[in-house]
Amino acid sequence: YIGTVEDPQSATQAGKIYEVASPNFATWANVSKAGNYSSNNRDKSWCITSYGELVIATNYSDPVQVKMPGVALFRDLIGFDAAGVAIVGYAAAGGKMPRARFAATINAFLCLANIDPASVAGIGTPYAFWCSRFSQPQYFHSLSIEWQSSIFQLVATPGEITMLTGG
């Protein structure tokens, strides 16, 4: 992707995310997290969206990723603070760490769709749509009126969610 939120473009391959490193697209830099990503995502392309100044990437096989302004590499987003440190008590407070095929920003929520069931036992399905806490994209809870986080499942018209668009 181009390193600005205003004009994102992606170049990904199994195990890596690249960023345009020159104005003429001649040079690309590997901006993957340390250790790269799962090799089993060959059929799971990356979905990249912006959330304010953050660049968010998801591919269904790996934890949702974030690239912060001024930071060279992507890192895991959900359950970690702005410095990349695990949030103490996140799981005990009901926090979940979903993996998803699609991501989009809707108002002040980071929304994920087509949730990998293996990432959140008993909650995720290919027809699930999940919103983070209001203005806190690193927090996902099953249902919280206090934190305005929720998960929805399309059961009346079952089938995989095949696209998610922000707004």
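User: Is Leu110 buried or exposed?
Analyst: In this predicted model, local features need pLDDT of at least 70, side-chain atom pairs count only at pLDDT 80 or more, and totals for chains, interfaces and linings use all residues. Residues are numbered from 1 along each chain as its sequence is written, and side-chain values use heavy atoms, without hydrogens and water. Buried means under 20% relative accessible area, exposed over 50%, and partly exposed in between (1.4 Å probe, protein chains only). The relative accessible area of Leu110 is 0%, so Leu110 is buried.

User: Which strand holds Leu110?
Analyst: Strands (E, at least two residues) are DSSP runs, numbered from the N terminus. Among the residues that Leu110 touches are Ile56, Trp130 and Phe140, with residues up to four places away in sequence not counted; contact means heavy atoms within 4.5 Å. The place of Leu110 is in strand S9.

User: Which residues have the most contacts inside the largest nonpolar core?
Analyst: A nonpolar core is a set of buried Ala, Val, Leu, Ile, Met, Phe, Trp, Tyr and Cys residues joined through side-chain atoms within 4.5 Å. The largest one has 23 residues, and those with the most contacts inside it are Ile56 and Leu112.

Conventions:
Helices (H or I, at least four residues) and strands (E, at least two) are DSSP runs, numbered from the N terminus.
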